[in-house]
Amino acid sequence: MSKILITGAAGFIGFHLSRKLCKLGFNVVGIDNLNEYYDSSLKIARLDELKEYSNFKFIRLDITNHKNLLKLFNDSNFENIIHLAAQAGVRYSIENPLAYIDSNIVGFINILEACRKFPIKHLVFASSSSVYGANVKQPFSESDNVDHPVSLYAATKKSNELMAHTYSNLYNIPTTGLRFFTVYGPWGRPDMAYYSFTKNIFENKPIKVFNNGNLERDFTYIDEIIEGIINLIGLPPLPNKNWERKKPDPATSFAPYRIINIGNNKPVKLMEFISTLEDLIGKKAIKKFVPMQPGDVYSTYADIVRLNKLTGYSPKTNIQTGLSKFVRWYRDYYKIKNN
């Protein structure tokens, strides 16, 4: 089977993707810098889970290190790249903007340069639903204008899409940008609301409910995300022969480039989400209602027609089922006994 590089392999999505590809028989090389944005022991635990696969190899490497990244590409002969490494988090981008420039901009240009010098079949990279920013027309379509981001994180992801298009045009590198919509599930990120809510409910600590609970998110279960990515790996984009310069579609191009939403297509109200979590944990949350935070958006809702036409993608995991699996994992991982 082909050799695949996954950047950010110790991260939430990277771990699940690495494990699934290994089960399918692919040779996977995973890289990660194991930074301290959140508890690195969780990242180590994910990597420990991957040790059982002889077709997985982990290398600690920072994508901002151009020299070491080029050496890896030179030595490895990768066929496909799944680029997931990034500085994540909308709110943290307000506190520490330079981390986002280093990882999301400098790191990504290093990936693109490596793909230019060592040609690959397909570069799939992580964008984000946050690029829709101030848009209010829903569901969010890949053809929508996304020129008004409301956080630096979103701006870096929009920049990644522009950079990828440029390299697709100049060097004929097939690239697919994936706009993920609020991914959740076992082995998730502690900075995400569902994770911190669960932790605080178990510990009888207050949870912050932003915008007084008047938010909606298109929560997407991790297994659906992984299915979507894997089905796209072997479908590199071709130039769109029908692309019109007078009416440009932002989602496709005259170059081998495309943008794809991966979401659940079923937004859930935040208070319904919290209520479901309370029922599964068996405890009521202590709610602290607070105003909208800078960089946040009121609602996300993915139009998934393009992905469905390409791969048959049709998510089926509802919030009750997905959160149930997460809470079960959380109890097991943190050794919390049932009430």
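Two strands are said to pair if DSSP finds at least two bridges between them. The legends below apply this to a predicted model.

**View 1. Strand S1 and its two partners.**
Strand S1, residues 3-7, and S4 run parallel and are joined by four bridges. Lys 3 has Asn 27 in S2 as its bridge partner. Helix H1, residues 12-23, belongs with S1 and S2 to a right-handed β-α-β unit. Four of the five residues of S1 are buried, so the rest of the structure largely encloses this strand.

**View 2. Strand S5 between S4 and S6 in the pairing pattern.**
S5, residues 122-128, pairs in the parallel sense with strand S4, residues 80-83, over four bridges. Val 124 in S5 is the bridge partner of Ile 82. S5 also pairs with strand S6, residues 175-180, again in the parallel sense, over six bridges. In this second pairing Phe 125 stands opposite Gly 177 of S6. S5, helix H6 (residues 152-171) and S6 make up a right-handed β-α-β unit.

**View 3. Strand S11 beside S6.**
S6 and S11 pair in the parallel sense over six bridges. Leu 178 stands opposite Ile 260 in S11. One side of S11 carries Tyr 257, Ile 259 and Asn 261, the other Arg 258, Ile 260 and Ile 262, and all are buried. Six of the six residues of S11 are therefore buried, under the cut-off of 20% relative accessible area.

**View 4. The second largest pocket.**
The second largest pocket holds about 270 Å³ of space. Its lining has 18 residues, and those closest to the centre are Lys 158, Leu 162, Asp 249, Pro 250 and Tyr 257. H6 and strand S11 (257-262) are the elements that give two or more residues to the lining. H6 supplies the largest share, four residues. Sorted by class, the lining of this pocket has eight nonpolar, four polar and six charged residues.

**View 5. Helix H8.**
H8 covers residues 222-233, and at 1.5 Å a residue its twelve residues should span 16 Å. The end C-alpha atoms are 17 Å apart, which agrees with that expectation. Nine of the twelve residues are buried, so H8 is largely enclosed by the rest of the structure. The buried residues are Ile 222, Glu 224, Ile 225, Ile 226, Gly 228, Ile 229, Ile 230, Leu 232 and Ile 233.

Gln 138 and Pro 139 are joined by a cis peptide bond, with omega about 0°. Pro 139 sits in the loop between S5 and H6. Leu 34 has a positive phi of about 55° although it is not a glycine. The loop that holds Leu 34 lies between strand S2 (27-32) and helix H2 (40-50). Is Leu 34 buried or exposed? With a relative accessible area of 9%, Leu 34 is buried, because the cut-off for buried is under 20%. Trp 187, another residue other than glycine, has a positive phi near 65°. The position of Trp 187 is in the loop between strand S7 (183-184) and helix H7 (193-202). Trp 187 also counts as buried, at 9% relative accessibility.

**View 6. Glu 95 and Lys 57.**
Glu 95 is found in helix H4, residues 92-95. Its relative accessible area is 62%, so Glu 95 is exposed, the cut-off for exposed being over 50%. Glu 95 and Lys 57 are 38 residues apart along the chain, and 34 Å separates their C-alpha atoms.

How values were computed
Residues numbered from 1 in each chain as written. Predicted model: local features only at pLDDT ≥ 70, side-chain atom pairs only at ≥ 80, totals over all residues. Heavy atoms only, no water. Right-handed = clockwise from strand over helix to strand, strands pointing away. 1 Å grid on protein atoms, 1.4 Å probe; cavity = no way out; pocket = protein on both sides within 12 Å on 5 of 7 lines; lining within 4 Å. Points joined across faces, edges and corners; volume = space filled by probe spheres on them. Nonpolar A, V, L, I, M, F, W, Y, C, P; charged D, E, K, R; others polar. Expected span 1.5 Å × (residues − 1). Buried < 20%, exposed > 50% of the residue type's maximum accessible area, 1.4 Å probe, protein only.
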